[in-house]
Amino acid sequence: MLIFNSRDKAYKSIISALATDEKCKFRIIVPRDCRCSCATLAITKEGERDCTAYYGMFWAGMCGDCHEYWELHFSATTPGLYFYHFELDTPWGKSYIMNVGGGKGGFSAGGNEFQQTVYDKEFKTPDILKGGIIYQIFPDRFYDSKTVKKDVPKTRVLRKWGEEPYWNEEQMNGIWNNDYFGGDLKGIEKKLSYIADLGVTCIYLNPIFEAHSNHRYDTADYEKIDSLLGTEDDLKSLCKNAQKYGISIILDGVFSHTGCDSKYFNMYNRYNTLGAYNSKESRYYSWYKFINWPDDYHAWWGIKLLPEVVEEDENYRKYICGKDGILRKWLRCGISGWRLDVADELPDVFLDDLRKAVKEENGNAVIIGEVWEDATNKFAYGERRRYLLGGQLDSVMNYPFADAILNFVRFGHGEYFFDSIMSIVENYPPQVLNILMNHIGTHDTQRAITRLAGPDCQGKSRQWQHEHNTLSEYDYLKGVSMMKMASLIQFTLPGVPSIYYGDEIGMQGMKDPFNRACMVWEDQNQELLKWYRRLGQIRKGTRALADGEFVPVFCENSAVAYERNSGENSVLVAVNNNDTETDIYVGDRWDHSYCYFDYVCKNSVITLPPYRYTMLSK
């Protein structure tokens with residue numbers, strides 16, 4: 001019998017972050033032969049030195065003949081990150097109950113503390129993502145409307161749709177990321193019905209502001225749509241017509257750096273402005289981190305094309321977050337929120353101002369941060385960050401879930417899968433958990449089907465990736481099956497599934513730029529496309545997938561089952577990733593339940609063949 005388990009309601013009544021003043025019941029189950037005379041919860045709020053609080057627990061009766069309950073109710077009055085353990089007084093001295101892994105408590109003097117996140121009880125997240133589906137688009141590569149583009153710089157290399165993106169220096173003639181395929185905002189608008197058929201409720205666009213690379217993460221002018229993509233009116237039209245399909249639009253905000261070829265820095269004198277590179281008298285000079293002006297300056301990850309911005313600079317914050325700043329300008333055009341590039345590189349003062357500006361302009365607009373780790377205990381800028389405590393982000397890109405899904409489908413290991421999921425479930429506020437951006441591939445990673453069924457490209461050159469960019473026929477068919485399993489899990493975990501354009505039709509690709517190829521509009525994989533449309537239909541009609549509690553039910557080797565339970569509806573997902581038939585015990589409550597796929601529950605058991613799955617509903 002476990003002494004404590006932070007992921008089991010028999011021991012902890014609330015398995016998530018706590019709101020301020022919210023009471024949570026803690027229980028430990030202590031062996032009688034410990035002869036415990038006193039049990040204590042020792043809890044420390046991070047950042048408050050020598051301030052460990054000790055709360056006495058009360059004896060709450062026997063648990064069988066050999067164990068006893070000790071309990072207490074805990075609440076916190078201020079948001080923050082708290083760490084705790086339990087201490088027992090015994091005839092032999094102090095005994096310590098620490099986190100020995102997987103949320104389990106054990107006797108250990110040198111184990112880890114348990115984490116308890118506490119957020120502001122006034123913290124609310126928008127409803128626009130809840131229960132929906134996100135579709136991520138790399139704008140240059142989605143669809144070309146054939147609209148005549150005006151004022152396009154002559155230096156850009158325009159390519160034929162569908163050709164492989166340039167990947168070596170010889171092709172690019174020394175100018176990286178300068179090949180374009182002509183995808184535009186009007187093209188996205190023309191394909192809204194296709195996107196809506198997937199059940200999508202939100203489109204996330206990679207950067208669309210004027211910039212001089214195809215990825216546009218080197219912003220040249222925050223106030224202008226890139227000429228190849230269209231105009232401000234095109235964005236307004238896209239937002240307006242997307243709303244008719246029940247789809248909102250969020251934009252990529254790149255605020256930690258600009259391009260050196262921008263009106264703010266103006267290294268190449270492209271713009272009729274006095275840039276920071278041109279003069280110390282420039283209105284933008286204080287934005288940048290010069291070491292020795294003008295050529296020696298801090299750049300993002302050392303890339304001189306991307307000079308870092310001083311986000312604490314008052315003038316910069318006013319330009320982005322002010323009453324008539326960039327954030328509000330584009331919200332007024334009809335967008336519904338922002339995804340923040342490298343949010344962990346934006347200081348608190350900037351994020352605080354950003355949230356205030358966004359929420360004042362549109363209280364239901366969403367703010368999603370790019371944070372690759374657990375965002376509740378992320379350490380950056382020399383301090384623990386407070387992204388999800390109520391004053392900054394609404395959600396983050398959920399890389400821990402992505403890794404958990406992809407590693408489980410490729411390698412198995414059910415215990416690791418559940419441990420990864422439950423770590424986020426217990427650390428995040430529930431209102432954040434319900435709108436996490438759950439992707440399995442993005443513009444920064446391999447295509448999901450390639451990561452699942454292809455060779456490992458870690459540390460491999462672009463030449464090697466080019467040579468291995470296309471799967472064999474056998475591996476591709478295997479990858480389609482693996483994508484079905486992965487997407488079923490993705491669509492049924494807490495949060496909002498995010499589809500990277502083309503994943504729904506099995507597009508392949510190694511890392512950048514191979515993962516950013518043109519969308520395939522002919523000869524699409526219809527098997528996978530129909531599967532994704534079916535998942536979209538299921539998600540739309542299943543309340544438990546919007547906000548249902550996540551409950552692990554079964555784990556044995558590479559077979560898992562879990563429930564999502566809400567007041568109105570419960571669903572169960574069972575997956576057998578073993579190479580042998582497996583009986584999955586889920587309990588008699590699932591007998592005679594509705595089955596979405598082929599395998600039902602009989603006498604409390606679901607029998608699944610190798611590499612198969614099912615989903616039940618009550």
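**Exercise 1. Take strand E30 and work out which residues point which way, and how covered the strand is.**

Step 1: sort the side chains. Ser570, Leu572, Ala574 and Asn576 go to one side of E30, while Val571, Val573 and Val575 go to the other. We're working with a predicted model here.

Step 2: check the cover. Every residue in both of those sets is buried, so that's seven of seven for E30 (residues 570-576), each under the 20% cut-off for relative accessible area.

**Exercise 2. Find the order of the five strands in the open sheet that holds E30, then walk through the pairings.**

Step 1: write down the order. It goes E28-E29-E30-E35-E32, with antiparallel pairing.

Step 2: pick out the edges. E28 (549-556) and E32 (594-595) each pair on one side only.

Step 3: look at E30 and E29. Strand E29 (residues 559-565) runs antiparallel to E30, and seven bridges join them. Glu563 sits opposite Leu572 of E30, and the hairpin from E29 to E30 passes through four residues.

Step 4: turn to E30 and E35. These two are antiparallel as well, with six bridges; Asn576 has Arg612 of E35 as its bridge partner.

**Exercise 3. Classify the ring pair Phe4 and Phe114, then say which parts of the chain it ties together.**

Step 1: check the geometry. The ring centres of Phe4 and Phe114 are 5.1 Å apart and the planes stand at 85°; over 60 degrees counts as edge-to-face, so that's the label.

Step 2: Phe4 belongs to strand E1 (residues 4-5) and Phe114 to strand E11 (residues 114-119), so the pair links parts 110 residues apart in sequence.

Step 3: check burial. Phe4 is buried at 0% relative accessibility, and Phe114 is buried at 1%.

Step 4: Phe408 is buried at 1% and Phe417 is buried at 0%.

**Exercise 4. Which ring does the charged end of Lys191 sit over, and which one does Lys460 take?**

Step 1: Lys191 has its charged end over the ring of Tyr143, 4.6 Å from the centre.

Step 2: for Lys460, the ring is that of Trp464, and the distance to its centre is 5.1 Å.

Conventions:
Residues numbered from 1 in each chain as written. Predicted model: local features only at pLDDT ≥ 70, side-chain atom pairs only at ≥ 80, totals over all residues. Heavy atoms only, no water. Pairing = 2+ DSSP bridges. Buried < 20%, exposed > 50% of the residue type's maximum accessible area, 1.4 Å probe, protein only. Phe/Tyr/Trp six-rings, centres within 6.5 Å; stacked < 30°, edge-to-face > 60°. Lys NZ or Arg CZ within 6 Å of the ring centre and 35° of its normal.
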